[in-house]
Amino acid sequence: MMKGMVCLVAVALVLAGSVSIAAAQAAGLKKGFYKKSCPQAEDIAQKVVWKHVAGNRELAAKFLRMFFHDCFVRGCDASVLLDSPTNTAEKDAPPNLSLAGFEVIDEVKAALERACPGVVSCADIVALAARDSVSFQYGKKLWEVETGRRDGTVSSDTQALNEIPAPSSTFDILLTNFSGKGLGLQDLVVLSGGHTIGIGNCNLFSSRLFNFTGKNNPTDTDPSLNPPYAKFLQGQCRRNQQDPNDNTTVVPMDPASSTSFDSHYFVNLKARQGMFTSDATLLTNGRAAALVDKLQDNGVFFDHFKNSIKRMGQIGVLTGASGQIRNKCNVVNS
């Protein structure tokens, strides 16, 4: 009994130490970190990002997803940007093969290196690109970005595959995943609202559309889907009925406004029009479902989102003397 108690105490101390370290690292972030070292940093980043988003509104979803996927693997350290000669970096993992916008990140970095060499991290550029791309449609910053992150030197496709939540995840799995990153139930629901923009690959949800119960009935769909919406998705994803692994067909996650960042995701969800299992499962928990109701209001969603994405941006950050400031975002400094 005493041995068990000692073990529990030891684990608690380790966890407490980990939390303290994480809190100390997050404390190294602050609004306007580059105010003295590179005062024009955020303006430079915004100018480049807005230029590209003006010509391709789908980039907002790409950068928001890039930030999420970066933070959930080894923390927000730009490890998602690193290349690997053996194709074993995070960007080589299946969940990241559809990421895009890396060339824009490189352009922002080049512009910042010309203005302030060796000062602004790639990790902060990813965070700024997510905010600025989403904010473009409103012509103003939708949330403040704390800066001061430094760049990691390790990137693993295996870790990415293990750490990034799958679109087939149940509520309990999602909550465990988010809790492991220091985020709570509210953050899970609010950040899922990022699915108001972007597209989804049919192969990631076609199992909900065809022969759902495995009784060889091709029209058998997931009963948690609104029937007209399920029929719409079946029509869009016909190729996946013959080939469930076909990854070439995509569907807007919010058919009515796939490039508009708003609270319509929660309106859709309430109408049982969540594309992924990981969307629909939010309605299976009472507290989460109650939040979905509240977040259908744009103002409420925006207020909550700016707080949740701030917390997400603090996950596992490297600050102070940890990590490095990469000269180029896709390779570690030699």
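A residue counts as exposed when its relative accessible area is over 50%, and as buried when that value is under 20%. Keep these two cut-offs in mind for the views below, which come from a predicted model.

**View 1. Asn87, an exposed residue with a positive phi.** Welcome to the loop between helix 3 and helix 4, where Asn87 lies. Its relative accessible area is 53%, so Asn87 is exposed. Asn87 is not a glycine, yet its phi is positive, at about 55 degrees. For background, most residues other than glycine have a negative phi.

**View 2. Ala78, a buried residue in the loop between helix 3 and helix 4.** Here is another residue to look at. Ala78 has a relative accessibility of 0%, and therefore counts as buried. The phi of Ala78 is near 60 degrees, a positive value in a residue other than glycine.

**View 3. His69 and its contacts.** The UniProt record, an unreviewed entry, lists His69 under "active site". You can find His69 in helix 3, which covers residues 59-71. With a relative accessible area of 6%, His69 is buried. Setting aside neighbours within four places in sequence, His69 touches Glu90, Pro95, Asn96, Leu99 and Ile164.

**View 4. Where helix 3 meets helix 4.** The axes of helix 3 and helix 4 (residues 102-115) come within 10 Å and cross at roughly 80 degrees. Helix 3 is therefore roughly perpendicular to helix 4. From helix 3, Leu59, Phe63 and Met66 meet Phe102, Val104 and Ile105 of helix 4. Sorted by class, this contact has six nonpolar residues, with no polar and no charged ones.

Notes
Residues are numbered from 1 along each chain as its sequence is written. This is a predicted model: local features need pLDDT of at least 70, side-chain atom pairs count only at pLDDT 80 or more; totals for chains, interfaces and linings use all residues. Side-chain values use heavy atoms; hydrogens and water are left out. UniProt positions are given in the numbering used here, feature names are shortened, and annotations may be inferred rather than shown by experiment. Helices (H or I, at least four residues) and strands (E, at least two) are DSSP runs, numbered from the N terminus. Buried means under 20% relative accessible area, exposed over 50%, partly exposed in between (1.4 Å probe, protein chains only). Contact means heavy atoms within 4.5 Å. Axes are lines fitted to C-alpha atoms, for helices over the stretch in contact, and angles run from 0 to 180 degrees between N-to-C directions. Angles under 35 degrees count as roughly parallel, over 145 as roughly antiparallel, 65 to 115 as roughly perpendicular and the rest as oblique. Ala, Val, Leu, Ile, Met, Phe, Trp, Tyr, Cys and Pro count as nonpolar, Asp, Glu, Lys and Arg as charged, and the others, Gly among them, as polar.
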